[in-house]
Each structure stands twice: as structure tokens, then as C-alpha cells.
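Keep the sequence and the 3D view open while reading.

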Amino acid sequence: MAWEVWWALVLGFAASAIVQAWVPRQRIERSLSGSGPKPVTLATLLGAASSSCSYAAGAIAKSLFEKGASAATALAFQFASTNLVWELGLVLWVLVGWQFTLAEYVGGVVMIALMTIALR
């Protein structure tokens, strides 16, 4: 199994290293601290745009949290990067239909909203 998932581990740790090395702490604190609608929405959009595998999402979310992102924004990034990506939606649409694609996206947003409320 290690042979089959090595690329995801390398991708996750490389992306995490990029965040740790080149993204200034002040920028993350300014953009992703707090649990209000603006930082959670930004984290959700960044996560959806990252199209990460779960290994990369976990590593990047941990790096963001260590650099000053709130728990809500780090988790929103992680949830969005694994549930709100267009590639997953495309595969779902082709294999099981648009209803499941819509359910995946709505479910991802609901999950992020419930997590944000629960962390307050």
C-alpha cells in the first residue's frame, strides 16, 4: 500500500513545506484568523481551489494552524480541499449523476457550516 500512496504523501508534505517556508505568518494571521464568515469563506475557497488529496489537505491545514490560522479556518480548508473540488464533482456527475454532485457540494458546505458553529 505504501507504494501506491507515496505520491500523495510526497505531495502533502511538499505543499505543507511550501506554506511553512514561504507564506509569512502575518499574512495567514491577517487572512485566516478568527471564525467569522469572511475567514471561513476564504479558507473554503482556497481549499476548493487546492484540489488536494487528503494527505495534502491534512498537512497543509496543520501548517496553516501552526502559522496562525484558527481551528475553524484550518478545518474549513481541509474539508473543502477533499469535498468541494471540481474533479470529484466531475467524476460523480459522470458516474452517478448530477444529483449526487449537488449533494456532495451542498453536504460539504453544510459540514463546514456545522463545524464552524460547533467550534464557537
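The side chains of which residues meet in a salt bridge at 2.5 Å, N to O? They are Glu66 and Lys62. This is a predicted model, and every value here is computed from it.

## Salt bridges

The structure holds 2 salt bridges. Side chains of opposite charge can pair when their charged atoms come close. The pair Glu66 and Lys62 sits in helix α4, residues 54-66. The two are 4 residues apart, so about one helical turn separates them. Glu66 has a relative accessible area of 41% and is therefore partly exposed.

Arg25 pairs with Glu29. Their closest N and O atoms are 2.9 Å apart. Both residues lie in helix α2, residues 25-32. Again the spacing is 4 residues, about one turn of the helix. Arg25 is partly exposed at 39% relative accessibility. Glu29 counts as partly exposed too, at 32%.

## Helix packing

Two packed helices are described by the angle between their axes and the distance between the axes.

| Helix pair | Axis distance | Angle |
|---|---|---|
| α3 and α5 | within 7 Å | roughly 30° |
| α4 and α5 | 9 Å | about 165° |
| α6 and α7 | within 7 Å | roughly 150° |

Start with helix α3 (residues 37-50) and helix α5 (residues 71-83). Their axes cross at roughly 30°. The two helices are therefore roughly parallel to each other. Their crossing is right-handed. From α3, the contact uses Pro39, Val40, Ala43, Thr44, Leu46, Gly47, Ala48 and Ser50. From α5 come Ala72, Thr73, Ala76, Phe77, Ala80 and Ser81. By type, the residues of this contact of α3 with α5 are 9 nonpolar and 5 polar, with no charged residue.

Helix α5 also packs with α4, at an angle of about 165°. Here the helices are therefore roughly antiparallel to each other. α4 passes α5 in a right-handed crossing. On the α4 side, the contact is made by Ser54, Ala57, Gly58, Ile60, Ala61, Leu64 and Phe65. On the α5 side, it is made by Ala71, Ala74, Phe77, Gln78, Ser81 and Thr82. This contact of α4 with α5 holds 8 nonpolar residues, 5 polar and no charged. Phe77 and Ser81 of α5 take part in the contact with α3, and they also take part in the contact with α4.

What is the orientation of α6 and α7, parallel or antiparallel? They are roughly antiparallel to each other. Helix α6 covers residues 86-96, and helix α7 covers residues 98-119. In α6, Trp86, Leu88, Gly89, Leu92, Trp93 and Val96 make the contact. They meet Trp98, Phe100, Thr101, Glu104 and Tyr105 in α7. The residues of this contact of α6 with α7 divide into 8 nonpolar, 2 polar and 1 charged.

Phe100 belongs to helix α7. It is partly exposed, with a relative accessible area of 49%. Phe100 and Gly89 are 11 residues apart in sequence. Their C-alpha atoms are 8.4 Å apart in space. Both residues take part in the contact between α6 and α7.

Cys53 lies in the loop between α3 and α4. Is Cys53 buried or exposed? Cys53 is buried, with a relative accessible area of 18%. The cut-off for buried is under 20%. Leaving aside neighbours within four places in sequence, Cys53 is in contact with Ala8, Leu11 and Thr82. Thr82 is also one of the α5 residues that contact α4. Arg30 is 23 residues from Cys53 in sequence and 26 Å away in space, C-alpha to C-alpha.

Ser35 is found in the loop between α2 and α3. At 26% relative accessibility, Ser35 counts as partly exposed. Which residues does Ser35 contact, leaving aside its neighbours within four places in sequence? They are Val40, Ser70, Ala72, Thr116 and Arg120. Val40 of α3 and Ala72 of α5 also belong to the contact between those two helices. Val85 is 50 residues from Ser35 along the chain, and their C-alpha atoms are separated by 22 Å.

Methods. Residues numbered from 1 in each chain as written. Predicted model: local features only at pLDDT ≥ 70, side-chain atom pairs only at ≥ 80, totals over all residues. Heavy atoms only, no water. Axes fitted to C-alpha atoms, helices over the stretch in contact; angles between N-to-C directions. Parallel < 35°, antiparallel > 145°, perpendicular 65-115°, else oblique. Left-handed = near helix turned anticlockwise from the far one by under 90°. Contact = heavy atoms within 4.5 Å. Nonpolar A, V, L, I, M, F, W, Y, C, P; charged D, E, K, R; others polar. Salt bridge = Lys/Arg side-chain N within 4 Å of Asp/Glu carboxyl O. Buried < 20%, exposed > 50% of the residue type's maximum accessible area, 1.4 Å probe, protein only.
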